[in-house]
Amino acid sequence: MSNTPEHVKCLIIGSGPAGYSAAIYAARADLKPVMIEGPLPGGQLTQTTEVDNYPGYPNGRTGPDMMNDLREQAVRFETDVRSGWVTKVDFTGPVHKVWVDEKTEIHADTVIISTGASAKWLGLPNEIRLRDIGGGVTACAVCDGFFYKGQNVVLVGAGDSACEEATYLAKLCPKVYMLVRKDAFRASKAMVHRVENTPNIEVLFNTEVKDVLGEHAVEAVLAINNKTKEERKLNVTGLFIAIGHKPATELFKGMLDMDEAGYLKHDADRTSTKIPGVFVAGDAADKVYRQAVTSAGSGCMAALDAERWLAAQGKH
Ligand code: NDP
């Protein structure tokens, strides 16, 4: 058996809307893409229930079903989808080297990074339990806010995302309790003004979630003032967590440029990174939009960029 590492034209790291969309475009352009699915095949959407805001699904689709659809579509055009986890990369030479599960070395002309990000959670047992059963705990107001139309909700967080989500929810819900753990927001002044000018958002400073009540769905949130220790039961049906996201980009530290939170940087009008032939798509590089449809769009862009780059090098 030869020990020469496999050489591919296009390697896609990570699955999810960005990765699968990149795969569909790359496969149709005859780049014969190989996709390494990563630790959570299908990505964040496999942990959600109903997805109602992805164009083309008039009746909605569950996150896992939608990811199966995208995967099947990628496979239909002969994307080689492999389970496994990329554990090391070396982008320093003319060919990009990638190791899967610490042992299998693959060489690639182009690499599309679509490793995604994950929402941060408070870590309370009832929060995680209700999240996992689709019982009213979520980290995406734009995705799930609609289900809480006409109902009261709690939103946790004090950054720009939290302010944006609170004002979004306030358009749907009669009352939004916003729990801020310190005595001030972290968000920009403009975002804070929006919150302050929205009468149905009640901001509770120095306040944290002590527990989430409800067996099968959220029935109330037990909030605690961390200064006075006073507890307050908030009668709500939804708990929105907006305390930040963590991009899955550890792997690329030292190889690619990233911001202080770990989001990968790319050229202003392209998905290209500072390493020729390495492109990035989806939430690993996006801290602003973070939607399945924007991810899918950037996956398409990355595949087109990869194809054009290969053509310019005379490799395709
Ligand atoms: P941030 O990291 O900016 O803020 C996270 C917030 O969550 C902080 O206020 C933090 O509190 C709070 N928090 C963290 N852990 C807990 C906890 N366990 N319990 C309670 N609260 C907690 O994340 P964002 O997602 O808001 O923003 C990320 C980046 O994206 C920022 O750079 C932001 O500016 C940018 N962004 C820009 C937007 C825009 O321009 N339209 C929209 C959305 C995001 P504390 O302050 O106490 O640490």
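Predicted model: local features only at pLDDT ≥ 70, side-chain atom pairs only at ≥ 80, totals over all residues.

Reader: OK. How many bridges are there between β14 and β15, and in which sense do they pair?

Author: Six bridges. β14 and β15, which covers residues 220-225, pair in the antiparallel sense.

Reader: What holds strands of a sheet together in general?

Author: Backbone hydrogen bonds. Strands of a sheet pair through them, either parallel or antiparallel.

Reader: Back to β14 and β15. What is the strand order in their sheet?

Author: The order is β14-β15-β16. That makes an open sheet of three strands with antiparallel pairing.

Reader: Which strands are at the edges?

Author: β14 (207-213) and β16 (231-234). Each of these pairs on one side only. From one strand to the next, the twist averages 25°.

Reader: Now the sheet with β17. Is its pairing parallel or antiparallel?

Author: Parallel. That open sheet has five strands, in the order β10-β17-β11-β12-β13. Its edge strands are β10 (137-138) and β13 (201-204), each pairing on one side only.

Reader: How many bridges join β11 to β17?

Author: Four. β11 spans residues 153-156, β17 spans residues 238-241, and the two run parallel.

Reader: New topic, the ligand. How many residues surround it?

Author: There are 14. The closest are Asp160, Ser161, Arg181, Lys182 and Arg186.

Reader: Which helix gives the largest share of that shell?

Author: Helix α5, residues 160-170. It supplies three residues of the shell.

Reader: How does the shell divide into nonpolar, polar and charged residues?

Author: Four are nonpolar, three are polar and seven are charged.

Reader: Let's zoom in. How far is the side chain of Ser161 from an oxygen atom of the ligand?

Author: An N or O atom in the Ser161 side chain is 2.6 Å from a ligand oxygen.

Reader: And what are the distances for Arg181 and Lys182?

Author: For Arg181, a polar side-chain atom lies 2.9 Å from an oxygen atom of the ligand. For Lys182, a polar side-chain atom is 3.2 Å from a ligand oxygen.

Reader: How much of the ligand does the protein cover?

Author: On its own, the ligand has 910 Å² of accessible area. The protein covers 75% of that.

Technical notes. Residues numbered from 1 in each chain as written. Heavy atoms only, no water. Near = heavy atom within 4 Å. Polar contact = N/O pair within 3.5 Å; in protein donor to acceptor, adjacent residues only side chain to side chain. Areas by Shrake-Rupley, 256 points an atom, 1.4 Å probe, with all protein chains shown as cover. Nonpolar A, V, L, I, M, F, W, Y, C, P; charged D, E, K, R; others polar. Pairing = 2+ DSSP bridges. Axes fitted to C-alpha atoms, helices over the stretch in contact; angles between N-to-C directions.
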